[in-house]
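Visitor: Please show me the model. I would like to go through it with some questions.

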Amino acid sequence: MTVSDPTAKPAESAGPESAVETARRQLERAAAHLDVDAGIVERLRHPTSVYRVTVPLERDDGSREMYTGYRAHHDSVRGPYKGGLRYHPDVSEEECVGLSMWMTWKCAVMDIPFGGGKGGVVVDPKELSAGEKERLTRRFAEELRPVIGPMQDIPAPDMGTGPQTMAWFMDAYSMQEGETTPGVVTGKPPVIGGSYGREEAPGRSVGIVTREAIDYYEWDREETTVAVQGFGSVGANAARYLDDLGASVVAVSDVDGAIYDSDGLDTNDVEDHDETPGMVSGYDAPETLTNDELLELDVDVLIPAAIGNVLTAENARDVSADMIVEGANGPTTSSADEIFEERGIHVIPDIIANAGGVTVSYFEWLQDINRRKWRLERVNEELETEMLRAWNAVRKEYEARNVTWRDATYIVALERIADAHETRGLWP
Ligand code: NAD
């Protein structure tokens, strides 16, 4: 596998940096603050293994097509690999490796006993019928069966996959293993072992972390203005959480554009993208904006919650928010991050902000292993406890080391991973 030189400066003119470049650069930045064995850092620059499989599919017209699938395992020193499965035409080995590294940091910062994994199939799911998607998923599960399992590697939904995909995946695995094994994947429908509150959890954690940051800077919650790019699962749940808290959510968007109300939108009245596609930009609001204009609004908090690489060297100087809370994975490029640091704009990183998703996945796995369902209230209470624990650990590093929020978060993660490596030692 070829990966680019992670120490090179990001050259955005040559396109945004890859996930693996960003992940390695963050690792090195955090390592510079810690007394970590260089061998451990070098180990963490690489995945443990990457599986590449060919997935044959019989199309509805009887023809056969071959798809390529991957599963990257980054590090399992703290527990089984954990991470999403993506169905997207741009899935690549390099992307899976980079995203699996992010999952290692995310699980460590939340102190969840999992390591980082990520995978997917190079396919446009919109071109598949439901039956084709089911057959592809079942065969992909079978191809990955030797390297996954509730104690080895636990996939979850990601772009292009969802609860139904996880249900097929779990069923295929269970049929072959001869026992119902709900703990092999998370993000399942509750009727077959999924957790209540899983769908809302990433947006909810964005809301909780934003609330903590607002309180940290002693801003008045009622006076705080918020703009959210991407009113989908993460964005809508975060926006509604903050709206309920009393903050003023003045702008939200979907892929077609943004709506704006300086007095604050009623976020419960705006349907999210999944509820009715096109309803966000079609909502009867006082003003409409483009997505680019939303990113530059003069608000207290900007939450990019749509896609990666939206805050770049090109627009970072035009961002007027005082704080950015990353709802999406990787919305800020390294160059933009440097500009925000220089301009004193606080950036709360994705690996803590949207980590409610993997945290409730962990709760789901516990419920599956114990064969005992939790009530929604318990899920939300425990999520709140875990988010506060993680936030306080990050805050301590932020204050002690005088670093950015991103560096403080990676320092917490790396310290835990490096400690585990030191303590377990190298075998043989
Ligand atoms: P989603 O599909 O539910 O919502 C995405 C929203 O972004 C939609 O409103 C869509 O219209 C909008 N959008 C899409 N492309 C856009 C563009 N180019 N410009 C502006 N808006 C655009 O997706 P989601 O599950 O909410 O995920 C959003 C982000 O959060 C992704 O980066 C995802 O990886 C990350 N994330 C999701 C979860 C999860 O469990 N859902 C967990 C952690 C991180």
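Visitor: Leaving aside neighbours within four places in sequence, which residues is Ile 411 in contact with?

Guide: This is a predicted model, in which local features need pLDDT of at least 70, side-chain atom pairs count only at pLDDT 80 or more, and totals for chains, interfaces and linings use all residues. Residues are numbered from 1 along each chain as its sequence is written, and side-chain values use heavy atoms, with hydrogens and water left out. Contact means heavy atoms within 4.5 Å. With those neighbours set aside, Ile 411 touches Ala 30, His 33, Leu 34, Glu 397, Arg 401 and Val 403.

Visitor: Is Ile 411 buried or exposed?

Guide: Ile 411 sits in helix 13, residues 405-424 (helices are DSSP runs of H or I, at least four residues, numbered from the N terminus). Buried means under 20% relative accessible area, exposed over 50%, and partly exposed in between, with a 1.4 Å probe and protein chains only. Because its relative accessibility is 0%, Ile 411 counts as buried.

Visitor: How far apart in space are Ile 411 and Gly 232?

Guide: In sequence, Ile 411 and Gly 232 are separated by 179 residues. From C-alpha to C-alpha, the distance between them is 30 Å.

Visitor: Which residue has a polar side-chain atom 3.2 Å from an oxygen atom of the ligand?

Guide: A polar contact is a pair of N or O atoms within 3.5 Å. A polar backbone atom of Val 255 is 2.9 Å from a ligand oxygen atom, and a backbone N or O atom of Phe 231 lies 3.4 Å from one. The side-chain atom at 3.2 Å belongs to Asn 329.

Key. Polar contact = N/O pair within 3.5 Å; in protein donor to acceptor, adjacent residues only side chain to side chain. Helix = DSSP H or I, 4+ residues; strand = E, 2+ residues; numbered from the N terminus.
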